[in-house]
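Please find below a colleague's note on the structure shown here. The points are numbered so that each may be checked against the model in turn.

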Amino acid sequence: MVTRWKLQVRGLLWMTRLPIVCVCRVFLIPQVLAKSVRYVYIVRPMSYTVIGKPLRHLEGRAKVTGKAIFTADVALPGMIWGKALRSPLPHAQIVSVDTREAEQMSGVLAVLTAQDLPDVLTGRVVYDTPVLARDRVRFIGEKVAVVAAEDPDIAESALSLIEVEYEELPAVFDPKEAMKAHAPLLHPDYKSYLHAPEKFFSDIPNVHSHVTWEVGNLEEGFAQADRVFDHTFTTHSQHQGFIEPHASVVSVDSDGRAHLWITNKMPVRAQKLLADAVGIPQEQVVVHPVFIGGDFGGKGSLMDSPLCYHLSKRTGRPVKMVMTYTEELMAGNPRHPATISLRTGVTQDGQVVARQAKVVFGSGAYAGFKPVPFVNIPGANQAAGVYGTPHVRIDAYSVYTNCVPGGHVRAPGDLQVNFAVESSMELIAEALGDDLLEFRKRNLLKDGDLLPDGHRLEHVRVDETLEAAIESSNWGKPKTGPHVGRGISASYRHIGTGEANGQISLEPDGTVKVITPVPDTGTGAHTVFQQVVAETWPLPIQKVRVEAKPELFETDSGAGGSRVTYVVGQLFKEMTEELKESVSHVVAEALDCQVGDVVFEDGQYTAKGVERSMTLAQVAKFGLGKTELSIRKTQVNRDKPQVTTFTAQVIEVEVDPDTGQVQILDLVTAHDVGTIINPIGHQGQIDGGVIQGIGFAMIEEVAMEDGQVSTLHLGDYKLPNIKDIPPLKTVLVQEEIGPAPFHSKAIGESSITPVVGAIANAVYDAVGVRIYDLPITAEKIYWALKGQNANVE
Amino acid sequence: MNFCQTCSIFSSRRKVWDFLMDMKNVGLCLPGVEDMEKMDEDTYQGVYKIRVGPIALKFQGTLHFEIRDQEQWHVGMRVEAKDRRLGGGVRARLDVDLVEQGPDKTEMKVNLESHVLGKLGEFGQPVMRKKTDFVLQEFARRVSETLGSDGGDEDL
Amino acid sequence: MSSNKEIMQTIQLRVNGDEHSIEVPPRRLLIDCLRYDLGLTGTKEGCSVGVCGACTVLMDGQLISSCLALAVFANGRDIVTIEGVARGEQLRKIQNSFMDNGGFQCGICTPGMVISAKALLDENPNPSEDEIKEWMMGNLCRCTGYYQIIKSIQEGTAELADA
Amino acid sequence: MHNFVYREPETLEEVLALLSELGEDAKIIAGGTALIIMLKQRLLMPSHIISLRKLQDADGIDFSEETFQLGTLTTHRAIETSPLVREQIPVLSETYAQVATLRVRNMATVGGSLAHADPNQDPPVTLMALDARVRLASIDGSREVPLDQFFTDYYETVMRPDEVVTRVLIPVPVLQGGAYVKFLPRTSEDYATVGVAATVSIDPKSGECQDCRIVLGGVGPIPLRDQGGEALLKGQKLTTELLREVGDSAERLTDPVSDSRGSAEYKRAMAAIFVSRAVSQAWERALS
């Protein structure tokens, strides 16, 4: 029933240098799917004309020639610059702010404090963040005042003339301390904040969201267990590391409309948020599309744009604010540090039967950067990993502290929790005397299993994915040195849901124009839309144009959550079919024939028994003014697909026992994929995620001491460079099954997650050092080795 | 940032106490402190200069006695100073404990908790830490030297 | 610190073949001069401390960080920015190669990457993987993980592509 | 950045006259890679900036019988790629090649890097191990300072405000074998957690060390020369035990700060490891 072949893509597809192994498994009978599966998967061999082709990203020319306009590039006549004064204290009462001297400075056009602004809070979901601190500051880097001046140097100079008197308050930096009975309360009024989710309130001090995911019955599970293991892990904070810092430009025109250019991947949402933050109707905000210089989950907030608005309103000039990278590292929205405690019940024969997880996230001073309705970190629900566990309870606490507020970073929560799960799996296997791989395989998720959030999975491909990673790696083979080790890790990543909007029209020049509110943050999303539309019709790719016009839409989920190809791609596929149908009607009218007889062939419309044919341009001309040639649609997709995506990695390292330094010798990343729409973008997501994962695991840390970030520029906060990348082997376990158009799946947040666990496990295999606290630095390994030598371990 | 310094002074605890109660003396023992001026019984105002390579920092601020507990032989001081040009400052808490080791020998324990704020705190923290450590060592050394010492313990 | 008494300096610079005479205060950075005085916003500012490479330009044929150079440094010099890499509509092969091989995603580092890569290929038309890494290690990219950038450079040349 | 007056004299005399006139109000700029960051951060706000960039004949690499000379404006990249340096003092080109990134090396100058006196830099470490001297000029004349007496503290040197570095001189022939080993536990273009330069000459007959120099960077306020370790090596054959002793000697000398590149304790331990690595590499090269 199942044909299986292995095919070396080297030279066959576009990739020639990177070794990619493609394992295809095609089910020939569509009816294999269980009834519970919502999506009908039609499996067929790749026979597309544009789908699957390594097409250039359509905005490429603008990007390689420097013509692509990003927010900081926007130049408007009369534009001035804003700079913010930030709090030097982690927690203090603002006694007074004296701006007089700054206002006097030549070239300064306005100085604003909270007293000059409406008393309004903002945030991506919960509105808990002041635009400027009003009576209290809650972290080092919080904005207290803002200056607008003719140039940024003058604005910067004026900041040092503002006198702020503070009265220091007791501060709390560690979430565990913040949860104690007498800890200082950061937001005593949390429950009254707009959009604060009541369902997740907690009575524990400073906990602003407590989410529980539960399947089975934990007590029962532990009763079945022969052995119970407790492990606790801690993880650190990572900055998204986009090269473009946050920027905003606002120009308030004479009609009071605010024109907004912003580094935001959800521009329609930004329009609504800005309107709320400054107290104007949403239609008074016009969002202009700009390129976004890297998102990785971090660019969904308003950041400085409300300040730009107020300064523009005050001065009558367009105002630009661009954060310095120092401001990014001090007051961006980095990955949440976490403490993950796992209690695992296992039977004598090595079955994981129960898992209790407590995940505590340091939320920082505000929760306003969190974009999910429950205002917590979604990845916490992966605390059972890729292992089918019948009885699970996960409690995730998001806790206010006097630290920089956390935000979403690619696979938010997934990395933190997966590191804990994959480390603990090995600890348990070792304690049981079980084989690391066999123990995992015995417990892997299967079709019909429930995830901790109650979601039932179908078409689970984790076994094949893990097997593919193992086969392509050196697992089980002799090692090349005494301090070489290998580690396994596996993860899953859901395919996101949300609201999609679009407009599609046949243009007079015979092209099909696609308008989307979603910006292409670099993932190639617009090219994916182009391919989906072109394939659906089918049209040559050049006949489809894609434009981002967020200003045409009132609501939209924007980019993020591994959702775009699925929800937006699906929408455009349906809209293309609708438009095609409309076109057929127009053609039928033009050719005076039955709609059913209309034929589209070789780029021309004709009909059975009709001599004449029409080009698309002729159809468009004929149909000029017909509303049906332009379709607009909104579609809310809340159905989380029952197919998910799996990743398995095997990483081989060598540890220098004298220094603790880790070198990655080999990295195999195996992915369970559907149809690949554009291999260029697809592989790019895998590559970028892996390297970002290595950064998280070993290199990057937003280091803090008493709430003060000490890594405040890219000389101290290091990002991996081109010389730091290891040999990478990608394995694609392909099956044309996926909920997104043409049976595709999500890829953007897949490859980053397992990296850290695999490295941690490899380090243990190499030198016997088990890392419980991230990042995995040479220094930690060194001291652990020292301790070992002294028989401390 | 936390710093500790302990030294033995060949002088009675009473004498060391009296010495420390005169802020002028304290100022003289802190390298970089200038123009110490008494504002009221517990508060002094002064200038503190420190150099890190080409960077010259000039802090203006106050030193305030918060605790003068002769029963416990404990002094607690709060220091707040700003460098306006750079837009940064220092906040510190200095605690001194005196332990009698003999009729003419006193152990002085100095504990400093200091925070470098604003622009100053943003860069060069490691070197600032080193410099602060030096200032504290120097303080202990000068107090011992002025009142008599056995050379001090190099106990950090 | 106030701007009104500021002494301005007139500098002559040649940018992408065009001669400019501009009045700038000495504090003006080359990157700001290019981006704001000349409107050449292809040169990007990332880290502002010379690490990320988004602001890379060529000065007299040498790669530099324009965020670490004063505009007055460029007085009498020849500057090439990303806008000067193509000739009009005619791209260099390296630019096409970045598009064909996925050498960019978000595009913010791309101008610096392309300039650096072009300078490498001018000097060494067939660089090895190690030579590419050694040369390009000052240009950070967060999106691609660099693998497709290496491929783009291996398959590109500094020559002009067919129009 | 703040406002300042920018001067760009074309002769050394003019530079020195300006320095003498302006004193601490002026700062010298050469490549600018360090100074501009400090200006941006407003850690420095001099009223005048005097550029050496228009100075005639201030760059270049010269080789005579007694000395190897580097002009103050010679860029790191020029030294890295000079065939003369590669042939005569390979460890020097290797060291400059390891500084940060290509762009920094294209701008940063020999004199600027020494005057900046950042203890985390690579070149001063190797230059010190090569017994280099710095020539300083002021309106009162010029003087030469051995590099191991040049640095005084973090970012501080013996230079007076009216002085400028004009040349770096390396006595030749240099010791037979040289190595610079840089420990980079994070990324490859980072500052070193510890950087060690070692130069060694070996008596071909006895196989014993005739002369050597060991210098450490990044683990103290200035580059640290370990004369104790040198004394241990001299007249000895290389053994694992000796390497360990030399490493221990260096470790005792260090006084690092804790930062994002490692804790002080870790840096001290690594100093020992990398001293022994540098010495054994230099030794190997001296033999070949």
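**Notes on the model**

1. The charged end of Arg770(A) is placed over the ring of Tyr764(A), 4.5 Å from its centre. A charge is said to sit over a ring if NZ of Lys or CZ of Arg is within 6 Å of the ring centre and within 35 degrees of the ring normal. In chain B, Arg68(B) lies over the face of Phe65(B), with 4.1 Å to the ring centre.

2. The model is predicted: local features need pLDDT of at least 70 and side-chain atom pairs count only at pLDDT 80 or more, while totals for chains, interfaces and linings use all residues. Residues are numbered from 1 along each chain as its sequence is written, chains are lettered from A and ligands numbered from 1 in the order in which they are written, and side-chain values use heavy atoms, with hydrogens and water left out.

3. Chains A and C share the most contacts of the 5 pairs of chains in contact, where contact means heavy atoms within 4.5 Å. On the side of chain C, 55 residues are in contact with 65 residues of chain A. Chain B and chain C, by contrast, do not touch, and their nearest C-alpha atoms are 11 Å apart.

4. The size of an interface is often given as the accessible area lost when the parts come together. Between chain C and chain A the buried area (accessible area, 1.4 Å probe, that two parts lose on being put together, summed over both) is about 5,000 Å², and carbon and sulfur atoms give 59% of it.

5. The interface of chain C and chain A holds 9 salt bridges (a side-chain nitrogen of Lys or Arg within 4 Å of a carboxyl oxygen of Asp or Glu). Glu700(A) forms a salt bridge with Arg142(C), in which the closest N and O atoms are 2.6 Å apart.

6. In chain D, 5 strands form an open sheet with antiparallel pairing, in the order S4-S5-S10-S6-S7. Strands (E, at least two residues) are DSSP runs numbered from the N terminus, and two of them pair if DSSP finds at least two bridges between them. The edge strands, S4 (61–63) and S7 (141–146) of chain D, each pair on one side only.

7. Strand S6 (residues 133–138) of chain D is joined to strand S10 (residues 164–171) of chain D by 5 bridges. Arg135(D) has Arg167(D) in S10(D) as its bridge partner.

Conventions. Helix = DSSP H or I, 4+ residues; strand = E, 2+ residues; numbered from the N terminus.
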